[in-house]
Every structure is written in C-alpha cells, then in structure tokens.
Amino acid sequence: MTALALGGFGIGTTEFATMGLLPQIAETFKIPDYEAGHAISLYAAGVVVGAPLIAVLGAKLPRKGMLIGLMLAVALGNGLSAAAQDKTLLLLARFVAGLPHGAFFGIAAVVAATLVVPERRGTAVARVMVGLTVANLVGVPLATAAGQQIGWRTAYLAVAVIAIITAVAIAAWVPRVPTVEGASMKGEVRAFKRPTVWFAIFTGMIGFGGMFAVYSYVAPLTTEVAGLPASAVPWMLAVFGLGMTLGATFGGRFVDRSSMGSVFGGLIAVCVILVLFGLTASIPAFMFIFLFLLGFVIQILAAALQIRLMDASPDAPSLAASSNHSSLNVANGAGAWLGGLAIAAGWGYPSTAWVGVALSLAGLAIAVASVLYERRALTRETTNQPMAMASATSTAVETHPR
C-alpha cells in the first residue's frame, strides 16, 4: 500500500500544484490567470482520454508491470512540463502528464481491493488515496511555496523525481496480482453497456465540478478576495489537504457501510459548504474552515464513487475504476472552465462558489435518478420471475399431462 500511496502523492502534487501556481505561470507567459487555467483543463483532458484507453489496451497485461510503466509516464510528462518554453508546449506537456493519472489510480484501487476482505474494500481504496490527500497537505503547499520562491518549473521536476522513485518502490514492494480471469479488451468495453456504470460516471463528472470550480482559483481567492498575502496560499492548500487526509483516513468506514449513502451525503454536504463559502469568502478564517470541510467531504465522495463503479462492473474492474478518475477530471476541467467563465464575465472570484453549487446539485439529481432506475429495474425483475416460473410450470404440465 505504501508504494501505491507514494505514486498517489506524486500524481496529486502535479494535479493540484498547478492551481496554486497559476499566477506565476501566467506571469511567465504573459497571460491572464484564467487563461493559465487551461493548463488545468488540458491535464484533466489527458486523464479523461488516458484512463479508459490504457485500461482497455492493458486488460491482459500484468497489473504490477502496468503500474511501473504508468509511473515512468508520469515522470516523462512532468519533465516535459518543466522544460516547456511557451504556453502551447506547456499545455501539450500537461496533457501528456495527465494520460497515466486515471489508469494508475484505477489499477491501484483494484490491486488494493484484492488484498483485503470484501467488507474492507472501501477502507483499502481510501488508503490508496491517502497519497493523493497527503499531496494536498504537504506536497502541493511545498510545491507552491517553492514555485513562488524558486520558480514554478521546480514543482514539476520534483514530481518527475518522485515518479521514478515510486516506480522503483512498486517493483520492490508490490506483490504480483493476476488479471481478472477471462479479461479482454472486448470484456472491458462491455462495462459501458450498463446504465448503472454511466449513472456513476456522470454523478462524478458533474457533481465533482463544484469543488473544482472553487479550488482551481484558490490562489486569487486568497489574495484578491480574502486580502491575504501570496505567502498564505500554501497554507490554504495545506488546510484543504488536511481535510482530504482526514477524509481518506476516516471516510472509508462510511463507504464500507453504504457507498450510495456516502454519495448522497457527500454531494449534499458539498452544496452546503459552497453556499457558506460564497457568502463568507472575504473573511479569511471562514475560508480556512470551509476549505478544510470541502477537502474532508470530497475525499469520502471520491472513495464512494470508486466502489460504486467497481460494484457496477465486477467483470471489468480496471476500466470501471479508471473511469472514476476520468469522470473526476472531466469535473476538474469543466469546473475550472466554468469558474473561469464566471470570472471573465465580471462576476468576481466568489462567483465560482455559486457555479460549484449548481454543479453539485446537478450531480445530486443524477445520483437520485440512478437509485430510481435501479429500483424500477429490480421491480421489473421481481415481477418477471413469477411470470417466468408460471410459464415454465405450464409448459411442464402440457408436456407431461396426468
């Protein structure tokens, strides 16, 4: 688990450090903050494309070997990001860096789930995600501080080094896990024929956008709305990361009890937190509090959606688990983009909270629709069973008359 969490640490740092370094990146390329935010969207696009593609193409490959290869790809993408000399090259490098993200977390979640009893899968998946949360607690703030003092390129170079170390650690510590019996590219793709899979994907895709609409602009929110110095940005990021770490540490217990209950509770809590955030964004103390709570809740929601997808597609777990990160990174890109539109329209940085509320409510509506669909499907199945039994009995009587 430690090696997998270390990989999550590196990936989490590269994903979220960009948000804290937007002002520095914008200054380097002489572009506005919201345009620099396209680096966030392109990274997310890489995750969306890479997660299902790699999961399908690697359906028959050894899980351990795939994890090592994916971390080497993370190192490559971040090395290119650090070397980019213009905005276009940076955007391309961020897309490349995002390609292995979802597949790594998806495969790591499957590996972790196979190493524990079924009743502890939620906790196991949450522990893999601890690396991501510690990245937000330690890695992202340190990367942001270093980026402010030394240059934003150092953050990406550091992630490249972490990725190489992780590849070595996986080779040494992670046991070999067999692929699912009968796994194939065709079998993985069949998972997308199930409506329950799509409901879970769209719940994350839309619902998670609420968090990203705000978090993508945490740096200008801290300095321009709350009126704090730039040196406070790493502390804001650390508070969010602390919330995520505690959510991953304790939230798995909620997911073990009820994954769908955790989805509902998480989305409702995100809506409430973002409303309060939007109303109090100019007060530094409240910004700290609500960022902490947002991090805590969002991590429980992420683990719940992960288990939800794995349950919906037991014969194609790699694709299902990877698709969760695709959906969350669609949310990443869409949240950053929609938040940027609100800012560009002149509504101010606090308007991102109201964009977030709308997206979270939409995700909640999709989750409700998924439960209603399942209940109707179960009712039809229950109704059809007696009819099928009656038909079989009637045929038997006709075939063997007394």
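Which residue's side chain does a polar contact of 2.4 Å join to that of Thr 14? The partner is Asn 78; a polar contact is a pair of N or O atoms within 3.5 Å, where within protein one must be able to donate a hydrogen and the other to accept it, and residues adjacent in sequence count only if both atoms are side-chain atoms.

This is a predicted model, in which local features need pLDDT of at least 70, side-chain atom pairs count only at pLDDT 80 or more, and totals for chains, interfaces and linings use all residues. Residues are numbered from 1 along each chain as its sequence is written, and side-chain values use heavy atoms, with hydrogens and water left out.

Buried means under 20% relative accessible area (1.4 Å probe, protein chains only), and contact means heavy atoms within 4.5 Å.

Leaving aside neighbours within four places in sequence, Thr 14 is in contact with Tyr 43, Asn 78, Arg 94, Tyr 156 and Val 159. With residues up to four places away likewise not counted, Thr 133 touches Gly 241, Met 244, Thr 245, Ala 248 and Gln 299. Although Thr 133 and Leu 246 are 113 residues apart along the chain, their C-alpha atoms are separated by 8.4 Å.
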